[in-house]
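Hello,

Here is the structure we talked about handing over. My notes on charged and aromatic side chains follow below it.

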Amino acid sequence: TLYPVKTGLFYMIVNDELFASSDTGAPFNTGLMFPQTEAIASFEGKVYIVQGGLLWKFDPVTNQRTTITSRNWTGTQTMTSREGSLYMIQNNEFLRVRLDTYGIFTINTLSWPNASSMIYTGSFYYLVSNGVLWSVYMNGRNTNQLGSGNWNNTKGMTMISQYLYIVQNST
């Protein structure tokens with residue numbers, strides 16, 4: 001699974017091991033194990049990982065990891081970050097977690113079943129739910145289905161130079 005990271009690296013979990021790569025280099029193994037990872041996002045050089053029902057903050061420079069919030073995060077389907085917050089789909093619900101207070105807020109009341117990937121860029125979240133690619137305006141209210149393609153088995157996505165790149169079926 002591929003996860004975009006704002007520090008210029010992509011992080012991916014391969015057989016429970018954390019790998020990192022730039023858009024121009026081959027992946028390298030960080031030597032760190034994250035079994036049963038459900039989602040990864042980053043903000044200001046830190047990597048946030050949902051694993052084993054816990055939300056972790058990981059510093060790739062010091063290799064320190066600490067848990068944040070006491071909520072059970074089991075059922076987190078995907079996650080991204082924007083302006084000091086994590087945005088995630090957990091049990092089909094679109095949530096915001098503020099990184100300064102760890103307050104948790106519902107973004108909208110729509111259900112997002114089988115959400116498999118999401119990213120924030122510009123003023124929109126892009127996410128795949130039930131095999132459909134959606135754009136969601138940053139206020140969470142305006143949603144649009146993008147195209148009619150089948151995006152089942154989407155593993156990750158990122159945007160580079162105004163192009164959305166989607167990893168599907170491990171390719």
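**Charged pairs and aromatic rings**

Asp59 is buried, its relative accessible area being 15%. Please keep in mind that this is a predicted model.

Asp59 has a charged partner: its side chain forms a salt bridge with that of Lys46, at 3.4 Å from N to O. Lys46 itself is partly exposed, at 25% relative accessibility.

The search of the whole structure gave three salt bridges. Another one joins Arg82 and Glu83, with the closest N and O atoms 3.1 Å apart. Here Arg82 is buried at 12% relative accessibility, whereas Glu83 is exposed at 62%. The side chains of Arg98 and Asp100 also form a salt bridge, at 2.5 Å from N to O. Arg98 counts as partly exposed, with a relative accessible area of 27%, and Asp100 as exposed, at 54%.

On to the rings. There are eight aromatic pairs in the structure. One of them is Tyr87 with Tyr125: the ring centres are 5.0 Å apart and the planes lie at 50°, so this pair is tilted. It links distant parts of the chain, since Tyr87 sits in strand 10 (residues 85-90) and Tyr125 in strand 14 (residues 124-129), 38 residues apart. Both residues are buried, Tyr87 at 3% relative accessibility and Tyr125 at 0%.

Phe94 and Trp112 make another pair, with ring centres 6.5 Å apart and planes at 85°, so the geometry is edge-to-face. Phe94 is in strand 11 (residues 93-98), while Trp112 is in the loop between strand 12 (104-108) and strand 13 (117-121); the two are 18 residues apart. Phe94 is buried at 0% relative accessibility, and Trp112 is buried as well, with a relative accessible area of 3%.

Which residues form one aromatic cluster? They are Tyr87, Phe94, Trp112, Tyr120, Tyr125 and Trp134.

Two arginines lie over ring faces. Arg82, the salt-bridge partner of Glu83, lies over the face of Tyr120, at 4.9 Å from the ring centre. Arg71 lies over the face of Trp73, at 4.8 Å from the ring centre.

Regards

How values were computed
Residues numbered from 1 in each chain as written. Predicted model: local features only at pLDDT ≥ 70, side-chain atom pairs only at ≥ 80, totals over all residues. Heavy atoms only, no water. Salt bridge = Lys/Arg side-chain N within 4 Å of Asp/Glu carboxyl O. Buried < 20%, exposed > 50% of the residue type's maximum accessible area, 1.4 Å probe, protein only. Phe/Tyr/Trp six-rings, centres within 6.5 Å; stacked < 30°, edge-to-face > 60°. Helix = DSSP H or I, 4+ residues; strand = E, 2+ residues; numbered from the N terminus. Lys NZ or Arg CZ within 6 Å of the ring centre and 35° of its normal.
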